[in-house]
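Here's a quick briefing to read alongside the sequence and the 3D view. Keep the model open and find each residue as you go.

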Amino acid sequence: MSEPQVVLSAEQEGILYTVGTISYILHAIVAAGAVVPGFEPGVLLLVVAVIIDMVKKDDARGSWQASHFNYRLRSVLYAGVAMLLTAPLFLLLYVPGKIAWFLIGLWLLYRIVKGWSALSARRAIEA
């Protein structure tokens with residue numbers, strides 16, 4: 001990964017760090033809901049997190065934090081596509097569909113923890 005070309009002011013850095021942390025929290029709650037039986041926080045939190053990421057993404061362009069916005073958006077996109085592709089399993093048999101979505105949720109939770117750890121260390125995240 002190439003070095004960032006833009007150096008943000010301390011204020012911009014702090015705002016984006018806070019926004020990133022909030023977004024990771026929302027993503028983690030949704031991902032945990034896909035893994036923990038009976039815990040259904042709803043898609044609304046994920047939609048809020050994605051909107052936050054899309055709105056603030058340009059503010060981070062060229063900085064190390066831009067990688068986090070792209071990483072979170074890609075994670076949601078990949079998980080969404082995987083869920084759409086495995087949705088027919090629910091029509092065939094309920095259990096295979098549940099297992100597939102559990103595994104997708106587990107993968108998403110892993111990505112969120114990995115990204116949040118990198119953000120906390122104040123370093124870029126690689127795909």
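**How two helices cross**

The crossing of H1 and H2 is left-handed (the near helix is turned anticlockwise from the far one by less than a right angle; clockwise would be right-handed). This is a predicted model, where local features need pLDDT of at least 70 and side-chain atom pairs count only at pLDDT 80 or more, while totals for chains, interfaces and linings use all residues. Residues are numbered from 1 along each chain as its sequence is written, and side-chain values use heavy atoms, with hydrogens and water left out.

**The whole chain**
- The protein chain has 5 helices and 0 strands, where helices (H or I, at least four residues) and strands (E, at least two) are DSSP runs numbered from the N terminus.
- Read along the sequence, the pattern is α-α-α-α-α.
- Along the principal axes, the C-alpha atoms fill a box of roughly 55 × 25 × 25 Å.
- Of the 127 residues, 37% count as buried (buried is under 20% relative accessible area, exposed is over 50%, and partly exposed is in between, using a 1.4 Å probe and protein chains only).

**H1 against H2**
- Two packed helices are described by the angle between their axes and the distance between the axes.
- The axes of H1 (residues 10-35) and H2 (residues 43-56) come within 8 Å and cross at roughly 155°; axes are lines fitted to C-alpha atoms, for helices over the stretch in contact, and angles run from 0 to 180 degrees between N-to-C directions.
- That makes H1 roughly antiparallel to H2 (over 145 degrees; under 35 is roughly parallel, 65 to 115 roughly perpendicular and the rest oblique).
- H1 residues including Ile15, Val19 and Leu26 meet H2 residues including Leu45, Ala49 and Ile52, where contact means heavy atoms within 4.5 Å.
- The residues of this contact divide into 12 nonpolar, 2 polar and 2 charged (Ala, Val, Leu, Ile, Met, Phe, Trp, Tyr, Cys and Pro count as nonpolar, Asp, Glu, Lys and Arg as charged, and the others, Gly among them, as polar).

**H2 against H3**
- H2 and H3 pack at an angle of about 140°, with their axes 10 Å apart.
- This crossing of H2 and H3 is left-handed too.
- Leu46, Val50, Asp53, Met54 and Lys56 of H2 make the contact with Phe69, Arg72, Leu73 and Val76 of H3.
- By class, that contact has 6 nonpolar, no polar and 3 charged residues.

**The nonpolar cores**
- In soluble globular proteins, nonpolar side chains tend to be buried together.
- The largest nonpolar core has 13 residues, and among the members touching the most others are Tyr24, Tyr71 and Ile125; a nonpolar core is a set of buried Ala, Val, Leu, Ile, Met, Phe, Trp, Tyr and Cys residues joined through side-chain atoms within 4.5 Å.
- H1, H3 (66-86) and H5 (94-120) each supply at least two residues of this core, and H5 gives the most, with 5 residues.
- Apart from it lies another core of 6 residues, among them Leu8, Leu16, Val19 and Phe69.

**Residues to find**
- Ile125 sits in the segment after H5 and is buried, at 4% relative accessible area.
- Ser75, in H3, is buried at 0%; leaving aside neighbours within four places in sequence, Ser75 is in contact with Trp107, Leu108 and Arg111.
- Arg122, also in the segment after H5, is partly exposed at 48%.
- The phi of Arg122 is near 60°, a positive value in a residue other than glycine.
- Most residues other than glycine have a negative phi.
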